[in-house]
Amino acid sequence: MACENTTDYDYRFVDSDTGLQDAISEIKQKIAERIALLAVDCEGNSLSREGALTIITAATEEKVYIFDVQKLGQATFSSGLGEILEDESRKKLMFDCRQDSDALWHQFKVKLSGVLDVQLLEVIYRRENPSASTTNTAQSPSKDKRRGRDRNRRSQRTDEIERIYGFGRCIELYLQDEKLVKIKDKGKELLKEDDELWTKRPLTDELIQYCVVDTMAMFRLYNKMKDVNGGEQARLRVASDKYVDLYRGKTERSFDEYETNAYLPLDIIPDKGTLDFPAANTVCTCCHRQFPHEEFSKTQLRKGEQKCRVCKEIKRLEDIQQNRQDQWERNAREEEEYVYFPEGMSDYAWFWGYEPWENPNDRSYSWY
Ligand SMILES: [Zn+2]
C-alpha cells in the first residue's frame with residue numbers, strides 16, 4: 001500500500017512481501033544513520049500468548065510502519081524485524097510491554113529485549129514530580145501515622161502501592177494535545193463497539209491513525225520525562241527488563257485480577273539509587289510472584305495464605321465489590337416481593353400464601 005499522510009506524520013501500511021522488504025531496509029537504514037530510538041506497539045484481539053496479535057507498529061520519530069501480522073504471519077518477523085526487536089542494544093520505546101512481549105514470544109518466538117517502558121518511566125517521573133499529575137491517587141507517605149518497628153516490615157507499607165496509568169490518561173495529563181486525545185478516543189469508541197476490529201481488513205483509517213498516534217505519543221512522552229532527576233535510564237532499563245518478562249516468563253497465566261490490574265507490580269522498579277531487588281524466597285498465593293519473607297504478615301504466613309501488598313488491595317476491592325453485589329441482590333429481592341405483591345391481595349394471603357377461599361384443606365371452594 002502506498003505512503004499516505006492522514007495525520008501530521010508519515011506512515012506506511014505494510015501487507016505484502018515486497019512492502020515488507022522495503023520497509024525493513026528503510027528502518028535499518030534510518031537506525032544505521034544515527035542512534036535512533038524506535039517506538040513499538042502491538043495490537044490484536046485480547047492480545048496475549050492466547051489472543052491474536054494482528055498488527056505491529058514500529059516507528060522512528062519521522063515515520064511510522066504498520067505491519068499486518070495477520071496477513072504476513074511469521075514472515076513479518078523473519079524479514080529482519082524480529083532481529084531488531086530482539087536486539088538488546090537497539091532501544092525500543094513501548095507502553096506497557098507485558099502483553100506484547102507475551103504474545104511475541106509464545107506465538108512467534110520473538111524474545112523482545114532492549115525495551116524502555118514509558119508506563120514505568122511515568123511512575124518514576126510522577127514520584128519525582130507529584131504535582132505533575134493532579135489526580136495522583138497514591139497516598140502520601142506522610143499520611144501514615146504508623147511508626148516504629150512494624151512500619152519497617154514491608155507488609156505494613158500498604159501506602160506504598162502505586163497505580164499505573166493507561167496510555168490515554170498519560171497523553172491527557174502530559175501532552176495536552178486535543179488532536180491526539182480525539183484520535184485515541186475515537187479508536188477506543190470503535191473498539192468498544194466491535195472488539196474484533198483489529199482482525200478486520202482493510203484496517204479502517206481511524207485505526208491506522210490510532211497506531212500512528214500511539215507510537216508518536218510515546219516519543220513525546222519519553223522526551224518530556226526522560227531527564228527526570230538528572231536521568232534515570234539505568235533504573236528504567238532494569239525495570240523494563242523485568243516488566244518485559246513478567247507475563248512472558250510465566251509457565252501458566254491466570255488472566256485474573258491478581259495478574260492484570262491497575263497497580264504497579266511490586267519490585268519492578270528498583271529503589272532509588274539501586275539497580276537490583278531484595279532477595280525473594282516466598283511466593284504470594286495470589287499473583288504467584290516471589291518476594292522477601294517480610295512482604296507478608298506473620299498471621300498470613302502461618303495460615304499459608306500470604307498475599308503481597310498489591311494482591312491484598314485487589315482482594316479488598318473484590319470484597320467491597322462482592323458486598324455491594326450481595327446488597328444489590330438483597331435489595332432486588334425485596335423489591336421484587338414488593339413489586340409482585342398482587343393488587344387486592346389480603347393480609348391473610350400475604351401471611352399464609354393463599355386466600356382463605358383457597359384453603360388447600362377446605363375443598364368446599366374447589367371447583368372440581
Ligand atoms: Zn501478590
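This is a predicted model: local features need pLDDT of at least 70, side-chain atom pairs count only at pLDDT 80 or more; totals for chains, interfaces and linings use all residues.

Biologist: Let me step back. How many helices and strands are in the chain?
Modeller: The chain has 12 helices and eight strands. It runs to 368 residues, and 30% of them are buried.

Biologist: And of the contacts between residues at least 6 apart in sequence, what share joins residues at least 24 apart?
Modeller: That share is 64%.

Biologist: Now the inside. How many residues does the largest nonpolar core have?
Modeller: It has 64. Y65, I66 and F67 have the most contacts inside that core. Helix 8, residues 205-225, gives the most to it, with 11 residues.

Biologist: Take I66. Which residues is I66 in contact with, leaving aside neighbours within four places in sequence?
Modeller: Y11, F13, V14, I55, T57, I208 and C211. There is also another core, apart from the largest one, with 10 residues. Y258, L266, C284 and V310 are among them.

Biologist: On to the strands. Is strand 3 mostly covered or uncovered?
Modeller: Mostly covered. Strand 3 spans residues 52-59, and seven of its eight residues are buried.

Biologist: How many bridges join strand 2 to strand 3?
Modeller: Seven, and the two strands run antiparallel. Strand 2 covers residues 38-45. Across the pair, N45 stands opposite A52.

Biologist: How many residues sit between strand 2 and strand 3 in their hairpin?
Modeller: Six. In that turn, S46 has a positive phi of about 50 degrees.

Biologist: What about strand 3 and strand 4? Over how many bridges do they pair?
Modeller: Five, again in the antiparallel sense. Strand 4 is residues 63-68. I55 stands opposite D68 there. Strand 3 and strand 4 also form a hairpin, with three residues between them.

Biologist: Back to strand 2 for a moment. A39 is in there. Why does A39 count as buried?
Modeller: A39 counts as buried because it has 25 C-beta neighbours inside 10 Å, and the cut-off is 20 or more.

Biologist: What does A39 touch, not counting residues up to four places away in sequence?
Modeller: A59, L93, T215, M218 and F219. Look at M218. A39 and M218 are 179 residues apart in sequence, yet 6.7 Å apart in space, C-alpha to C-alpha.

Biologist: New topic: helix packing. At what angle do the axes of helix 1 and helix 3 cross?
Modeller: Roughly 5 degrees, and the axes come within 9 Å. Helix 1 is residues 17-33 and helix 3 is residues 75-86. Angles under 35 degrees count as roughly parallel, so helix 1 and helix 3 are roughly parallel to each other.

Biologist: Which residues in helix 1 meet helix 3?
Modeller: D17, L20, Q21, I24, I27 and K28. On the helix 3 side they meet A75, T76, S79, G80, L81 and I84.

Notes: Residues are numbered from 1 along each chain as its sequence is written. A nonpolar core is a set of buried Ala, Val, Leu, Ile, Met, Phe, Trp, Tyr and Cys residues joined through C-beta atoms within 7 Å. A residue is buried if 20 or more other C-beta atoms lie within 10 Å of its own, exposed if 12 or fewer, and partly exposed in between; C-beta atoms are placed from the backbone. Helices (H or I, at least four residues) and strands (E, at least two) are DSSP runs, numbered from the N terminus. Two residues are in contact if their C-beta atoms, placed from the backbone, lie within 7 Å. Two strands pair if DSSP finds at least two bridges between them. Axes are lines fitted to C-alpha atoms, for helices over the stretch in contact, and angles run from 0 to 180 degrees between N-to-C directions. Angles under 35 degrees count as roughly parallel, over 145 as roughly antiparallel, 65 to 115 as roughly perpendicular and the rest as oblique.
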